[in-house]
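Q: I am new to this structure and would like to learn how to read some of its features; could you take me through them?

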Amino acid sequence: MFKYILLIGKNLRRNLLRTTLTALGTMVLVLVVTLVWSVLYLLDGVMAEKGANLKAIVTERWQVPSQMPFAYARTLGEGAARNAGDVRPQDSMTWQFFGGSLEPNKRTREDLVFAFGMEPKKLATMMDDLDNLPAGQSQQLQANIRLMEEKRQAILIGRQRLAEVNKRVGERIKLYGVNFREIDLEFDIIGSLPPGRYDQFAVMNRDYLNEALDNYPRTHAGKKHPMADKSLNLVWVRVPDREQFSRVADQIARSPLYSDPAVKCETASSGIAAFLDAYRDLIWGLRWLLSPAILVTLSLVISNAISISVRERRLEMAVLKVLGFRPGQLLILVLGEALLIGISAGLLSAGATYFVVNKWLGGVALPIGFFPVFFIPVNALWWGVGIGTVTSLSGSIMPALSAGTVKVSDVFSKVA
Amino acid sequence: MTASQPNLVLFAFSWQLPLSLAVPLGTAGAVVALLVIVGKIPLSYNVRNLVVRWRTTLLTALAFTLVISLQTVMLGFVNGMYQLTDESGQPGNVIVLSDGAVDELVSNLGFSDLNDIDHHPGVLRDEREQPLASREVYLVVNQPLSAAPGQQQRRRFTQVRGIEDPLLATRVHGLELYPGGTWFSEAGVQAVPGAWGDEQQQAIQAVLGEGVAGQMGQDRGKPQLEVGDLFELGPRKWVVVGIMRSAGSTFGSEIWSKRALVGPMFGKGAYSSIVLRTQDAKTAQQVSDDLTKNFKKAALQAQPETVYFSKLSETNRQFSTAIVFVAIVMAVGGVFGVMNTMFAAISGRTKDIGLLRVIGFARWQILISFFLESLTISLAGGLLGCALGFLANGWTATSIVSGGQGGGGKFVVLELVIGADTLFAGLLLALAMGAIGGLLPAISAMRLKPLESLR
């Protein structure tokens, strides 16, 4: 067996140029498939219904964006539980969106900072991807949460956005309200959000926004702010399983407290799927056009290289047959060459993609839904091996069969 | 996705080849023609070899075909998005939003804010001396979709535009109805049969854009909703009274209805925007500047409609970047493939090359000969790829156009646009792949020494 593998290695080494070109072709195509599958993997993951530890979203029933009165916050956070026996969520979180411009007179997208107004402590328990940070980042986040609870004017801004608006941690900024007109708030940037999903966003203490809304009538002849009763955008609740989710959703749907506006409760995956519905054709194209086409292209590249190699070595195959190699062994020899190139190039490419994208580039910026960047999952290493195996097998099966069926007499008669 | 019939004949007569693509293609063609005419290249020898090694030629060309057809379809998608953002705005229109709002969705104009805006001297008037100003509310509404038992409940974000005066709005936006349709009435509702066929209920009259009509039609297994069809949205039943001729604009993905009904129903009492028609693009810019700077009654943000829609092209730009990246990486894969083929072709024909040198062909003629062989494979694969990709011309797909940070954006149904520039970009990429992949092998062929080759 070992000698067999050595023979395969020697064969590949004999035409290093061809081996290298085939491996490089495989690597770049595996790179594309890895990127595409990483996007699909994340989207499938967020849209898959979980059986346990579910997050549910409560939003306004009809209108997008959802705008509910903040008075809904407390009872929705309790899952509208009113009677003994009603189910209460394990945890909850409210989101109030505050968009502010750094310039009072030039309110363009370039100057905008978009912040989630929330209870700071929920950052570590309810926000996706922030509840399972590495130790160092988690400690830093906890420290920032404590600061935000002590100081209402504190704000955390995503690294990318911070760089784009040319601000640094420690600076004081003033945001002129865009969706809350005439609510202009001063903030101290106490830190940045952990890298990844929230690179473009900011997080502020919700009490600061609500205080500003409460104070508004004092300076406006007792008139409430136009958004005063529309400041709550989303309520998130965590429930242990689907049964509890159904009961909480039912409690909320039946409650008389939420009639104007009416609300709806759905699983986070269902809510996200609705947002991603607009991209369904794009996702379909990635899944069923781009990925298969690249895999076929890859098979063609490998098939071509192996076919050429087999055609050039027909005499050698005939000699091997004379020496006692059976057709099956010749077939395995050729398949082995293709597999060795495919698997090693696939693994190398997927590993390099994982390292370069995650560690060096900080993710791939592709604006699908509210996912500003995509990272390569560790599973990609197996994808590389899998793609290499499948494409090299499918590409080399025909040349390998032809190698196995070489007729010694034909080959030697041509040589003679 | 659905396919519409691509009209190849029309396309052939209506293409407009961009200069940036025409120049390199033309230059390459001219150089090749010149070389063939004066250079005595052994072309027939190359062609015969391609035919003899037909399996290798076919496999390499097929790889080109796949890469180019994918690139063509992907570029067609982005072209469709750009068409929406480029063609939705009228050059003479001004869109007025509330100050700071980067999109209609987050704009709130109070009723009192709008007084006097439409009386601006730059605004055109109709035959009745009414200013051509359309007051509108733009809403996005959750529309639950029917799901099979056991499947996840699906929803769609449906865009609704509440209009005060539909006739005025169509003149401002330059839209019209397909024959057989009407605009909604003054009341904005009409009686339709109830659930059991006997009782009557008031349904909201709706005019649908082509895209949304097709999308909602697919829910019912038909090409599109038609006049008289009923559908549910929010707490009410709606009846289709007309279909807008609106392909290629974002309005094609909207439902238009009576503002006084839909605004309050979906929680938006105020207007989102007022759109003013002026004489031309220059006047539109002047009116925009004047309103933004000098209108004192309320803080406004006025801008030419074309500028507003061009700001929604951030997603297009990001998708374009991603597509160009994917195309380039795939092309690199193709280059390695063709390099492999050509190196193998040369190693199998060293004696031929030696003989060609002995009978008088110069080194550079050998180089051109093998270079052309590589270009021929890439051209054949590229042409087939372009033809396959062109089949997707006119397919419809859903997406979002948005300006990025700041919220907003529009859910759109777009048509893939595969024009001459996209096809020539595909051909150019194929030729570039063939040239890069064929150059090194051709140089190695050129460097072969005749006597050593013949040994």
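This is a predicted model: local features need pLDDT of at least 70, side-chain atom pairs count only at pLDDT 80 or more; totals for chains, interfaces and linings use all residues.

A: Residues are numbered from 1 along each chain as its sequence is written, chains are lettered from A and ligands numbered from 1 in the order in which they are written, and side-chain values use heavy atoms, with hydrogens and water left out.

Q: How many aromatic pairs are there over all chains?

A: Rings of Phe, Tyr and Trp (its six-membered ring) pair if their centres lie within 6.5 Å, and planes under 30 degrees apart count as stacked, over 60 as edge-to-face and the rest as tilted. By this rule there are 24 aromatic pairs over all chains. One of them joins A:F97 and A:F116, whose ring centres are 5.9 Å apart with planes at 65°, so this pair is edge-to-face.

Q: Which residues of helix α3 of chain B are buried?

A: Helices (H or I, at least four residues) and strands (E, at least two) are DSSP runs, numbered from the N terminus. In α3 (residues 43-52) of chain B, the buried residues are B:Y45, B:N46, B:N49 and B:L50. Seen down the axis, they fall within an arc of 135° (taken from the directions from the helix axis to the C-beta atoms), so they line one face of the helix. The face of α3(B) turned away from this buried side carries the exposed residues B:R48, B:V51 and B:V52.

Conventions
Buried means under 20% relative accessible area, exposed over 50%, partly exposed in between (1.4 Å probe, protein chains only).
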